[in-house]
Amino acid sequence: MAKKKKSRDRLDDDSVDIELIPETEGGETSAETNLVLARDIFPGQLPIIPLNHRPLFPKMQVPMIVENETLREMLVATFKADRKFVGLVLRKPNGRADTDEPARGSDLYPVGVIAEILDLQRPHQRGPIQVLLGALERFRIVDVAQDMPHIITKVEYLFEADVTRDDELKAYSLAVVKSLKELMQLNPLHREEMALLMAQSPVNEPGRLADFAAAMTSAEPRELQDVLSAIRITPRLAKVLVLLTKEIDISKLQVKISKQIEEKLTTQQREFFLREQLKAIKKELGLEKEGKEAEAERFEKRIKALTLSDEARERIDEELNKIKLIEPASPEFNVSRTYLDWLTVLPWGVFTKDSFDIAKASKILDRDHYGLDDVKTRILEFLSVGILKGNISGSILCFVGPPGVGKTSIGQSIARSIGRNFYRFSVGGIQDEAEIKGHRRTYIGALPGKFIQAIKTCKSSNPVIMLDEIDKIGQSYRGDPASALLEVLDPEQNKEFLDHYLDVRFDLSNVFFICTANQLDTIPRPLLDRMEVITLSGYILEEKLQIARRYLLPKQLKAHGVARAQLAIGMRALRRIIDGYAREPGVRGVEKHIKRIVRKSVKRIVEGHNEKISVDADDVEALLGKPVFTDDDFFKNPGVGIITGLAWTSMGGDTLAIEATHVNTGKAGFKQTGQLGEVMVESSEIAYTYIRGFLSDHATARDILYNQLIHLHVPAGATPKDGPSAGITMAAALYSLVTGKRIRKGFAMTGELSLTGRVMPIGGVKEKTIAAKRAGIRNLVFPAANRKDFEELPAHIRKGLKPNYVSTFPEVVDVCF
């Protein structure tokens, strides 16, 4: 056959040749050999690999990492087969392409490419596989054979049969070649990319040229898919030419931006040299001292007043030398200056002198706080040990109690009594350990942690630092602050505390740490082991009365600018406020109601009331409204099936009523209501089982227990309740119900009940006793094992109360019924 003359269009760059070699007339190749047509060896059905970002063009190779388990199994099976063909098709942008949801046939564009698996590597049996694919020809999806577990489609192949040469085709080809030359001149990276594509498969005809040119662009997936879907050569070249024109415009814009940046840098360099010359002239004339020299002198002056560790001195000297060499305009200069400022402002070796006077400490505690004698005694014992040693360092106390009992103010009193500076911050809700140990200096706006900031504020190395709400410390993906506190609150480790920002060890062993918490349950055990726990249980009515008279009322009069001659609140009025409106363990509620009365009185004074205002018990309800708390009738006259129990909460002790009733249903049943936790539900079931056995010989009780539904309820149903200490209370309520007997007046009880009727010990005796006294209950039933706990309570709390100690439930019946 006669061959046409080979035509070649060669790019100027020596590294890349693009040749356009036409086929022989009639669309056959010039090689006189017998060939098998591709359409005869390609399968009619293909397993499909969905592509998410860009389509692949024929005659190109692409490495791919496949993590999807279904696709991995399909590829391994195909690679082992004789015909190693798969289809590569782009997913449509229908909102599911970026999700983990598997693709379906309807999610794919209709045109893709068939590819042969050239190589497959599987480093790990269960891990992703690495596969090398060589794209061959285009195909169109005719039908979807299956969607699961992977897509299989019926296809028809789209071979390029129309390669008839004409002037239009040649013009488009030359335009594409020209655009490629211009693109490579603008961006050398495109030259390397073209060389890589040419190495995979030479460009020897217009259709191949269009595909390679499109693959070099950064066009949108939809635009590239349009090129892939164009079967005829001339329209395909026209689409590619549009993409190349856009790419050239983007490259020109990049070149323009780069040129502007270079010009700006040149201007900045010129200004920098001029400023340096100006500084040199001023320095020679003695007009002013250079900024960095003044900064260095300021830091050196600070250092002379400090007793630095060897590590700190070495680091400061290193940073000083650095800022002397760095130019002030450099960002590194500001970073080093801020770092040096923190290093030199800390009180290295600066201590306040401790006041070793136990009488003074006792006087300050008594002056600032009424009651809490047991707590004061423990604090004075603690201080006495430090005084005897001559050093109170390494001390970590934890005050635990309900809100408003004076935990924070006691910490302030301790600081005053020993003459140390005081710093308080709350760790409640902190979720980032950088708040404790600081940020690394690589971050913009980095700061040291709270402890280094506290040392800086106090200007001494031995302050009293209070960590409020340590039981509410958080945890998140940014770290575990509670674990970071383990180093701070360990006397053996905190002498070399390393803050991330300082990166220099600072001695915290001389700091007196005081923590506060409402409960111990949420404090991590390793952290709790490092602290000495002192419990503040709350105040009884008499104590709150004296606190209101001595501290709260004078404080509010002063805060509102009211003289004692203008307003007086009597003791009976204060008692009414405490008993009817503020029965919580702390005194914040009392203070709020006193504040409210003072405000209303101030309004009357401002309106022209010149006489002294006296508030008595009868005036309280008019000023504060209906009482929140009233004396419940069942405390004084309990009914059948109603028993008063004593409970412990994180807010202190409390009283609760347990009620039981029965419904005639013809068969036995038992239900509980009142937001009971799992432990409390188990306690109620133990009580029910025990009472059925205990009263098996009681005819009336047996009839109720075996033929009626018994309903046990704990009022305040919106409040969750849990714990084992209501066991004997529930059993007593059931006993009262089925026997028809009332409990004696003025009785309340607490204790865990076993299945055999033994009464087990409980906790929170002090809080429960205070709650009973607050409610006016005089007869208390405790487990015999808690006798010592009650007898250790202060005399003023035990006064007027009669404890009854029981070991078994029959003893409870003897005492109460």
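Modeller: Let us start with phenylalanine 399, which stands opposite isoleucine 534 in strand 15. The model is predicted, so to speak of local features requires pLDDT of at least 70 and side-chain atom pairs count only at pLDDT 80 or more, whereas totals for chains, interfaces and linings use all residues. Residues are numbered from 1 along each chain as its sequence is written, and side-chain values use heavy atoms, without hydrogens and water.

Biologist: Over how many bridges do strand 9 and strand 15 pair?

Modeller: Two strands pair if DSSP finds at least two bridges between them. Strands (E, at least two residues) and helices (H or I, at least four) are DSSP runs, numbered from the N terminus. Strand 9 (residues 396–400) pairs with strand 15 over four bridges, in the parallel sense.

Biologist: In which order do the five strands form the open sheet?

Modeller: The order is 10-11-14-9-15, with parallel pairing. Strand 10 (422–426) and strand 15 (532–535) each have a single partner strand, so one side of each is left without a neighbour in the sheet.

Biologist: At what angle do helix 23 and helix 29 pack?

Modeller: Axes are lines fitted to C-alpha atoms, for helices over the stretch in contact, and angles between N-to-C directions run from 0 to 180 degrees. Helix 23 (residues 678–694) packs against helix 29 (residues 809–816) at about 80°, their axes 12 Å apart. Contact means heavy atoms within 4.5 Å; helix 23 contributes Tyr690, Ile691 and Phe694, and helix 29 contributes Phe809, Pro810 and Val813.
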